[in-house]
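Dear colleague,

I am handing this structure over to you, and I would be grateful if you could look it through before reading my notes.

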Amino acid sequence: MNNGTEHAARTLDCPKCGSAMAPLSLEQVGFEYCSACEGVWFDGTRLPDGAPLENDKALLADVARTLKERQGDIQAFLDSAPFEMGIKDTEGRYLLINRHTEELYGRSNEDVQGKLPSDLFPAQDAQKMIAAQQRTLDTGEVSSTEAGDGEGRWFLATYFPIRDWQNQVTGLGGIGLDVTVRRQAELKIEQINTELEALVEERTQELRAAQEKLLKQTRLAMVGEITATVSHELRNPMATMRSSLFVLGGLVERGNDRLDRALARLERSLQRCDGIIDELLDFARTKEAVLKATMVDDWLSGVLNEYEGSGDLQIDRRLDADGACIQADHERLRRAVINVLENACHALLQQTQNPHPAPSVVVSTGIEDGRLFVSFIDNGVGMKKDVLDQCFEPLFSTKGFGTGLGLPAASRILQQHGGEITIDSEPGEGTTVVFSLPLAGMV
Amino acid sequence: MLVIDDDRDFLESLGDMLEMGGNYSTCLARDAVSAVAMAQAHLPAIALIDVKLGQDNGLELLPILKRTLPGMVCIVMTAFRDEKHSRQAFESGAEAFLHKPIDPNRLFLTMQDLLVHSPDGSGSN
């Protein structure tokens, strides 16, 4: 409760003539006598004129005593109540509070008399109290509101009208019940509810993400199955074409340039189809990688030998991870290596620098911070930044032909090995691709 | 030599290729039962076996052929790319494994190499 304004003290001057009045004897119970105009006053009301007779005085004294006793009874009643009680005037100003209220707020009756709720309570709470009071004053009916004192205590304030003998509302009675415990429990429940809602939301998001992941995996698995089946079915007629092409080549008269070129084109086209199917399979493969301990340099040498044997590319090898062992799915990691070498070959063919540098692809291995690094460095045409930024996006390709799945597939394969692939490139300078893989040990 | 594949076009084209490119005499089978019968009848030195043979499985046929003709060299071929097929092929006794579409030169080199190193060193049949 806040400090408010002082309530004006009751005058002891005669309301009629203004002369100073003297309290009547008889225990000074609220009667005053104005000797100037010979009027007797009680609580602002003048009794019938004429000096009081002794009998009247005795009667008045009885009345006053009775009133005093009743007032005392009322005060005792209020003070005995184990909850807040108070009386307010029709403007909502405090006239009286009981002892419980005094003790609760550490304020006396004199402190609060004449004050409004807004003098004593936080603005928002006072507003609620004033609104409830006004409802009671307007309708003559009981009204309630819950408010806080700004210091953690909450109470249910109930207002009722006080009526005089003519049934006129002359003031407000108020009762305040402490609801702090309930309010705190509600706040706690509210807090728990909020936390629960947040938790439910979080779990829902996780569930949704898991569901989406599962759906994606299911779709990928289906795509993988379809791709595997279609690839198999395509490769069988391709096998027929290839052997038939061989037979054709043997049957027709050779030495005809156009015929030779046509046969060579058919052979190259078949190889290209085969490569496309390989890339599709690499990308759509969803089964768990079958990892086995692998001596990197030995295994990589075999893959590079095989690649060199299938084309014209000479690879400069700088294998320096002797004894390094990794967990690898040979077929998949081989595909990742082949995809990167294919890109290097393409970059070398596209090199337009003048003078043309000698085509070079350097493959090196090394160990750093417990990881194995395999680098592929070519001095081909290189990539612009916008191309570099998109090179891991599926279906993005700068080649005249190609699925745009080579690097995305390589990236997925590295992820399946707990590794990653990084790429750096400068237009006209070349490209460096690095595989980083966890080292399983040294032999 | 014995070529086993359920795809008739491929079977015929491969037969022609083998006869033209390597002077191999071929007999062609499209299922497991015919393959075993031909193996018993013609005693081929080499068998080229496809993994997927319609209702039959080339990898299950392989040990049967090996029991029928223990000295016969077996080459398994498939259009699948799963490593498990090549592993199973070698576990079943295959001497070589090739992916379809087969590179003719690679096939001839593989066959020559295997025949040179086969126990009876038999030539074409």
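**Domains and conventions**

In chain A, the C-alpha centres of domain 3 and domain 4 lie 22 Å apart. These two belong to a division of chain A into domain 1 (1–80), domain 2 (82–178), domain 3 (196–260) and domain 4 (288–442), with bounds that come from an automatic or database domain assignment. Please keep in mind that this is a predicted model, in which local features need pLDDT of at least 70 and side-chain atom pairs count only at pLDDT 80 or more, while totals for chains, interfaces and linings use all residues. Residues are numbered from 1 along each chain as its sequence is written, chains are lettered from A and ligands numbered from 1 in the order in which they are written, and side-chain values use heavy atoms, with hydrogens and water left out.

**Chain B as a whole**

The secondary structure of chain B comes to 5 helices and 7 strands, and from the N terminus on these elements run β-α-β-α-β-β-β-α-β-α-β-α. Here helices (H or I, at least four residues) and strands (E, at least two) are DSSP runs, numbered from the N terminus. Chain B has a radius of gyration of 13 Å, which agrees with the value near 14 Å that a compact globule of 125 residues would have; the radius is taken over C-alpha atoms, and the globule rule is 2.2 Å times the number of residues to the power 0.38. Along the principal axes, the C-alpha atoms of chain B fill a box of roughly 30 × 30 × 25 Å.

Of the 125 residues of chain B, 50% count as buried, where buried means under 20% relative accessible area, exposed over 50%, and partly exposed in between (1.4 Å probe, protein chains only). Among contacts in chain B (heavy atoms within 4.5 Å) between residues at least 6 apart in sequence, 63% join residues at least 24 apart.

**Aromatic pairs and the link between the chains**

A search of the whole structure finds 5 aromatic pairs over all chains. Rings of Phe, Tyr and Trp (its six-membered ring) pair if their centres lie within 6.5 Å, and planes under 30 degrees apart count as stacked, over 60 as edge-to-face and the rest as tilted. The rings of A:F246 and B:F108 have their centres 5.5 Å apart and their planes at 50°, so this pair is tilted. Because A:F246 lies in helix α6 (residues 180–251) of chain A and B:F108 in helix α5 of chain B, the pair joins two chains. A:F246 counts as partly exposed, at 26% relative accessibility, whereas B:F108 is buried, with a relative accessible area of 8%.

B:F108 also forms an aromatic pair with B:Y24, and this one is stacked, at 6.4 Å centre to centre and 0° between the planes. Since B:Y24 lies in the loop between α1 (8–22) and β2 (27–29) of chain B and B:F108 in helix α5, the pair ties together parts that are 84 residues apart in sequence. B:Y24 is itself buried, with a relative accessible area of 6%.

In chain A, A:Y105, A:F121 and A:F155 form one aromatic cluster.

B:L114 lies in helix α5 (residues 104–117) of chain B, and at 16% relative accessibility it counts as buried. Not counting residues up to four places away in sequence, B:L114 touches B:V73, B:I75, B:E95 and B:A96. B:L114 and B:C74 are 40 residues apart in sequence and 9.3 Å apart in space, C-alpha to C-alpha.

**Backbone details to look at**

The peptide bond from B:K100 to B:P101 is cis, with omega near -5°, and B:P101 has its place in the loop between β7 (96–99) and α5 of chain B. Phi of B:L43 is near 50°, a positive value in a residue other than glycine, and B:L43 is found in the loop between α2 (32–42) and β3 (46–50) of chain B. In chain A, A:D369 has a positive phi of about 50° although it is not a glycine; A:D369 is found in the loop between β13 (361–368) and β14 (371–378), and at 76% relative accessibility it counts as exposed.
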